[in-house]
Amino acid sequence: MELVAPADVLAAREALAGVVRETPVTPSRALEGVAEGPVLLKCENLQRTGSFKIRGAYRRIQRLAPGGRAAGVVAASAGNHAQGVALAAQMLGTRATVFMPAGAPLPKIEATREYGADVELVDTLDETFTAAADFADRTGAVLIHPFDHPDIVAGQGTVGLEILEQVPDVATIVVCTGGGGLLSGIAAACAPAGVRVVGAQAAGLAAWPPSLRAGAPTGVAGATIADGIAVSRPGEVTFAHVQALVDEIVTVDEEAIARGVLRCLEREKLLVEPAGAAAVAAVAEYPRRWPGPVVAVLSGGNVDPMLLVDIVRRGLVAAGRYAALRVRLTDRPGYLADVLRRVGQAGGNVVDVEHRRLTGSGPDAATAPGTVDVALTLEARGHDHRAAILADLAGAGYDVAAE
């Protein structure tokens, strides 16, 4: 397979002039302390439509023959690709139909409609691809794949060209990856210049490591909070690029991704979706692994507010700053007050208290008479502080455990 060349990426950039924003690169002092070297963030979360996807979608549609554009385009997506295709089609004067899962966040569905696309909802993400392919067969609309096409790869690669200009001495670029379009494009643009390119994938749905071991795209099952990179199988086009040009693929777990989102919010003052935070998570989880300067690509910032609440809580738990405790104590006046007093003296901030009086039936029947369970949710200063609060309560004779 012929790979996308730097010249193809350069041609895509010329086509995208005035269409996409050259997103900023900002240094991250917080990550520099972890990596012990310069780390910068490429802020594609500030791109039009909130992610890099507009780059590849526009280039793919712009390259269609007039007859292809006249028939319209169709896509399947849970959010970012949907918005990129919708806006690109609107700008290029063609109709777009996008199939989205019914469970997609409402803001993403509404944004896709506002960009001018006809949105069709189906039950699951897997069904969106089948529905989009059927629609293309019935109507002649051109299916715009989210990652597996050379024009998509070339368009996404323009992120890499900008990095080369903004950080001329860049040594390593860390990129989140699902299907591999952004990773392939950046590698096509930057690997020939001698830059090390690393892919970061969610461990809960990591198809790249087994695919590279097998020498061919391989499907896996799993789940991840990083819906933007929740792809179960790489494409043929992207596999060829990653196999030839990418130096390394690493995985990061859900807690690391949640901490990455929280780190971007608290330390960088940037709203980044879980997929976009995967590169930040990789830099934090693999300190001093790659030569610097390191650029971590924040691929998008489209996150549902309700999901963000859960992710932030997970990030706080993973950082030891949010804890749920279960304390069993004697059902007499004064015991609950003593527990709360001890937590306060230890510096914990109680957020919620739930008093569970046992009934004497079920698995706790042997210890139920005269006892109650108290569920405490509290804020702590980290893992050591949380452990100290637990130890203080246990030392006072309380039956206590983290939940």
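**A look at the core**

Guide: The largest nonpolar core has 38 residues, and Leu 41, Val 174, Val 283 and Leu 298 touch the most other members. Such a core is a set of buried Ala, Val, Leu, Ile, Met, Phe, Trp, Tyr and Cys residues joined through side-chain atoms within 4.5 Å; buried means under 20% relative accessible area, exposed over 50%, and partly exposed in between, with a 1.4 Å probe and protein chains only. Helix α13 (residues 274–285) gives this core its largest share, nine residues. Helices here are DSSP runs of H or I with at least four residues, strands are E runs of at least two, and both are numbered from the N terminus.

A word on the source: this is a predicted model, where local features need pLDDT of at least 70, side-chain atom pairs count only at pLDDT 80 or more, and totals for chains, interfaces and linings use all residues. Residues are numbered from 1 along each chain as its sequence is written, and side-chain values use heavy atoms, leaving out hydrogens and water.

Now let's visit Leu 41. Leaving aside residues up to four places away in sequence, Leu 41 touches Pro 24, Val 25, Thr 26, Ser 28, Leu 31, Glu 268, Leu 270, Val 280, Ala 296 and Leu 298, where contact means heavy atoms within 4.5 Å. There is also a second, separate core of 31 residues, with Leu 161, Val 175, Ala 189 and Val 297 among them. In soluble globular proteins, nonpolar side chains tend to be buried together.

Strand β9 (residues 248–252) is mostly covered, with four of its five residues buried. Strand β8 (residues 196–202) runs parallel to β9, and five bridges join them; two strands pair if DSSP finds at least two bridges between them. Val 198 has Glu 248 as its bridge partner in β9.
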